[in-house]
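Let's take a walk through this chain together, starting with the whole and then settling on two regions. Keep the viewer open so that you can follow along.

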Amino acid sequence: MFKNNNFKIAFRNLRRNKAFSIINISGLAIGMASAILILLWVQNEMSHDRFHTKVDRLYQVWSNDKINGTIRSLTYTPEIMAPALKTDYPEIEEVTRVRYTRNLLVVNNDKKLLSTGAVVDPGFLTMFSFPLLAGNSKTVFNDPYSIILTRKLAKKLFGDANPVGKIVQMGNTESFTVSGILKDLPNNTQFDYIEYLLGYDLQTQQGNIDKDWTNISISTFVLLKPNSKAEQLNGKLKTIIPAHTNGAQKTEEFVYPLSKLWLYSNFENGKAIGGRIERVKTFSIIAVFILVIACINFMNLSTARSEKRAKEVGVRKVIGAGKRSLIMQFFTESVLMAFIAGIIALVIVQLALPAFNRLVQKELVLDYANIYFWLAGIAFVLFTGILAGSYPAFFLSAFKPVTVLKGTFKKVNALVTPRKVLVVIQFTFSVVLIICTIVVAQQVKFAQNRSAGYNRHQLLHVYLNDEMKRNYNLIRNELLNTGVASSISAVQSPLSQNWSSGIGLNWAGKDPNAVIQINRFTEDGDLVKTAGLQLIAGRDIDVKKYPTDSTACIINESALKLMGFKDPVGQIIYDDPVSWHVVGVIKDFVQESPYEPVKPLIIRGPKEWVSTMLVKLNSSNPVADNLAKMEQVLKKYDPVYPIEYAFADDEYAHKFADEQLTGTLASLFSVLTIFISCLGLFGLSTYMAENRLKEIGVRKVLGASVINITSLLGGDFVKLVIVAIVIASPLAWFAMHNWLQGYNYRVAISWATFLIAGLLAISIALVTISFQSIKAAIANPVKSLRTE
């Protein structure tokens, strides 16, 4: 396709037109680097849990519950169900449960680490492709007191020594023998945060298996036998829970492919409707358009130089060059520029990857050792070069030698030309990205400004381990008496999270056939004071003053509205086996998504379990002093466990992470898109000014001012940007309108957003072209007219 002579001519043209080459190569390099970064992220997302050898037979068991007339799909199942799946369903070859153990203390002599792991069945290692670096996957769980460490955790605990056969202590009590070393899990799996594995056999021996078929609390995965059909299995699984509860629980189980879990995990009324795949598609489109915009720069600048290349084409045709050879010449030039830009793009990507990884919270790498990486890279560069050079190659090679050599090949300045269309396309996409970025930022801000319903200032939580629970009253009293805290409450979970809900709650007046989900929470007292909740009826739970408050509860406004109590205080709510009496009602507060309505909530007294200590720091003291004293108190009663706490405002901020990431990425790539577009606009304005030097000289001699000439040169470009704004506005509105439909609590799209985006685009375009326009306008006309 490419001859050696073509490369020589291409190199000469690069050297002869340095400014043109720099602008084109810079635009292509930035566009290619942006596309590569996005595609690395897309590839990581698309490969999530798809690398397992048996991925086509791996499924997760889900639960469908009909609540309030709507089917709700959950990724959790009863813990007792796994053995029944393996023995009663011939379609299933293997099964494993996964019960996550968060921040458990792992000890080896003086090494003490908080680590997150999982309790699994032996089938876990044969089902999933997580290789062992030491140990046998079929025997590592033979001893119930065995533990498998990841290489990373083993390194932290044992250094370079061989840990197999060594003893580690879990928590403050049990000891386990290291039976295997697991290769560190990749970041494109849902299990990537697991640092150790424990076996379910010990849980069975100790009687720690929840045998309640109505409590869906853990994850279950199955491996189907070859040729087994998931659809047939799902038909059977619908009855497994009703059959084991004598029809009392109507929950239906079904299996869902592991390969779809990451990207297609959103369900609506029992049907999969998408998920992360929407964001993957969006940014894939952005990658394509950024690359196209960079190629449009090349096309526009190449065709803008058509007058300078026309005579070259004419002469070469006269001496016998065919159209095909000319096309190959121009393709050679574009591919050469693309290869140079590709090398620069790789350097940019390598330099930008650490910051980009921090932004997207991934560990993306350029796999230079992989032959497919280089093949894909060469294909990517060739595609870019051919795409960028396609229009110029056919446009320039079509010139007729007689016309161009006479100097009469120029066409009248038409209203619509391919070059104008390409500029409009560039800025249309740029304006769409600007509008989308603004709307995403407005949506995040809108949700952040929503009242959380509690006071997050100097409010923190500490997870209670077993030793802290035993000494909780002593810890609480000391923190209060030393002035570290102004108020403390033991609760079920951090205030910004909900760990429990139920559908079996009953109360006077409830429809006996209704299945209604209500969130649960627990406190031991003083929650209203500690969190700054607002009471609208009754009082808070107070076991010291009212001993019967161990079975008291308070409800939120949404629960009050649902239950229809006219006088809520004193009403009884039945949550088998406990009867809870209502002592107060609080205003709704945001515990889950800030984009969704607050769900009905019952906050129960200390008869139920607690796991977290909620602490309101004393605002009279510096925060650093309070934290230091709090750590001293906690260490006093539990010197082994590392102290772990988190502030409520930080936890609440995490709720906006996904939308903020989308907004940040959109902002980043919109800036790059605009920069690439402006780079091309700068080049175009430069060539337009050069081609009209004599016209400008004549106009100046005839009395035209600098403003007149600047307006003349820049006016055409501004008109194109305005056309782009007109086209982009409805497109952006449609895209953002559909995106916002995914949120119940959402911002309205204002006309001011389009005005701001339009003014910004025009301003950027004016700044870009003004330099060359003013430079041409103030030039001495004598220099441009001296040859006439």
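Do keep in mind that the model is a predicted one. Of the 788 residues, 50% are buried, and the chain exposes about 36,800 Å² of surface. If you look at contacts between residues at least 6 apart in sequence, 79% of them join residues at least 24 apart.

Now turn to a sheet and the helices that go with it. Four strands, in the order β16-β25-β15-β26, make up an open sheet with antiparallel pairing. At its edges sit β16 (485-491) and β26 (645-647), each of which pairs on one side only. From one strand to the next, the twist averages 25 degrees. Strands of a sheet pair through backbone hydrogen bonds, either parallel or antiparallel. Here, β16 and β25 (residues 612-617) are joined in the antiparallel sense over six bridges. To find a spot in this pairing, pick V491, whose bridge partner in β25 is T612.

Helix α20 (residues 623-637) lies across β15 (459-463), β25 and β26, and runs at about 155 degrees to β26. Helix α17 (residues 472-481) lies across β16 and β25, at about 160 degrees to β16.

Which residues of α17 are buried? They are Y472, I475, R476, E478 and L479. An α-helix has 3.6 residues a turn, so residues three or four places apart point the same way. You can check that spacing against the buried set, which includes Y472, I475 and L479. The buried residues of α17 pack against α16 (466-470), β16, β25 and α20. Just after α17 comes G483, which takes a positive phi of about 80 degrees.

Finally, move to another part of the chain and find strand β10 (residues 196-199). Y196 and L198 point one way from β10, while L197 and G199 point the other way. Buried or exposed, what are these four residues? All are buried.

Strand β10 also has partners to look at. Strand β5 (residues 111-120) runs parallel to β10, with three bridges joining them, and V120 stands opposite G199. Strand β7 (residues 146-150) is joined to β10 by three bridges as well, but runs antiparallel. In that pairing, I147 stands opposite L198.

Technical notes
Residues numbered from 1 in each chain as written. Predicted model: local features only at pLDDT ≥ 70, side-chain atom pairs only at ≥ 80, totals over all residues. Heavy atoms only, no water. Pairing = 2+ DSSP bridges. Helix = DSSP H or I, 4+ residues; strand = E, 2+ residues; numbered from the N terminus. Axes fitted to C-alpha atoms, helices over the stretch in contact; angles between N-to-C directions. Contact = heavy atoms within 4.5 Å. Buried < 20%, exposed > 50% of the residue type's maximum accessible area, 1.4 Å probe, protein only. Areas by Shrake-Rupley, 256 points an atom, 1.4 Å probe, with all protein chains shown as cover.
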